[in-house]
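User: I would like to learn how to read the features of a protein model, one at a time. Please show me the structure and begin with the contacts of a single residue.

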Amino acid sequence: MFKRGRLALLSGAVLTMVACADEVTELEESGQEDVAEDQEETTDDESTDVLEDGGTDEEYTSIDVDMVNSDSTLVGSAVFSESEEGVTLTLNLEGLPAGEYGMHIHEFGIATPPTFEDAGGHFNPTDAEHGFDSEDGHHLGDLPNLVVPENGIVNETIEVSDVSLLPDAEYTLATEDGTSLIIHTGPDDYETQPTGDSGERMVGGVIFAPQD
Ligand SMILES: [Cu+2]
């Protein structure tokens with residue numbers, strides 16, 4: 001469906017953004033170091049090399065998002081990766097209170113602690129209702145609740161349906177306004193409009209910054 005040369009260009013554009021992002025923070029949890037190494041490899045190489053021998057040869061691009069809490073403390077990373085199979089989100093977080101929390105992609109590429117209110121509402125390019133249990137749902141930014149165990153450590157990968165990291169895709173997250181990832185203080189009930197009644201905003205990070 002996509003031509004390889006075009007992908008290389010797109011990938012290069014996104015990788016430039018990755019290179020400009022804050023440095024990858026090394027957490028001690030397994031998996032995190034691998035992510036850091038991958039990032040260094042891909043940002044140092046030419047974009048065509050990423051496609052040809054980036055290790056995950058079908059991976060088009062990935063974005064490493066620093067996640068901070070309301071005290072502005074880094075609590076880990078959220079890595080969005082796109083391949084032929086779609087977009088995945090790998091969360092490596094620590095120091096969160098145990099519980100179940102609503103998590104969404106929000107419509108603006110700003111996420112300022114402590115309230116993260118500037119992230120706006122949910123990413124909703126199809127003008128749907130909120131929630132996986134809604135008849136006319138759901139927002140493309142709706143994600144499954146995040147479950148944090150007693151030790152406060154999260155290492156998990158989830159699929160993110162229908163969206164794309166590629167700038168020209170129909171439901172790209174690289175919109176003019178940008179996009180962000182927000183974790184709330186309570187669980188999303190998957191039906192209350194327009195937010196799932198998931199409370200305040202506890203953790204956030206910018207996926208794509210707004211375009212100039
Ligand atoms: Cu939200």
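Analyst: Two residues are in contact if their C-beta atoms, placed from the backbone, lie within 7 Å. Leaving aside neighbours within four places in sequence, Val-148 is in contact with Leu-96, Pro-97, Ala-98, Gly-99, Tyr-101 and Val-154. Val-148 and Pro-97 lie 51 residues apart in sequence, yet 7.0 Å apart in space, C-alpha to C-alpha. This is a predicted model, in which local features need pLDDT of at least 70, side-chain atom pairs count only at pLDDT 80 or more, and totals for chains, interfaces and linings use all residues. Residues are numbered from 1 along each chain as its sequence is written.

User: In which strand is Val-148 found, and is Val-148 buried or exposed?

Analyst: Strands (E, at least two residues) and helices (H or I, at least four) are DSSP runs, numbered from the N terminus. Val-148 is found in strand β5, residues 142–148. A residue is buried if 20 or more other C-beta atoms lie within 10 Å of its own, exposed if 12 or fewer, and partly exposed in between. Val-148 is buried because 20 other C-beta atoms lie within 10 Å.

User: Which residues touch the most other members of the largest nonpolar core?

Analyst: In soluble globular proteins, nonpolar side chains tend to be buried together. A nonpolar core is a set of buried Ala, Val, Leu, Ile, Met, Phe, Trp, Tyr and Cys residues joined through C-beta atoms within 7 Å. Here the largest core has 39 residues, of which Val-65, Ala-78, Phe-80 and Ile-207 touch the most other members. Among the elements that give two or more residues to this core are β1 (59–69), β2 (74–83) and β8 (201–208). Beyond four places in sequence, Ala-78 touches Val-65, Met-67, Leu-89, Leu-91, Leu-181 and Gly-205.

User: Which backbone features deserve attention?

Analyst: Most residues other than glycine have a negative phi, and most peptide bonds are trans. Ser-72, in the loop between β1 and β2, has a positive phi near 65 degrees. Ser-72 counts as exposed because it has 9 C-beta neighbours inside 10 Å. The peptide bond joining Gln-193 and Pro-194 is cis, with omega about -10 degrees; Pro-194 lies in the loop between β7 and β8.

User: Over which residues does pLDDT stay under 50?

Analyst: pLDDT is the predictor's confidence in each residue, from 0 to 100. The protein averages 81, and 73% of the residues score at least 70. Over residues 1–56, pLDDT stays under 50.
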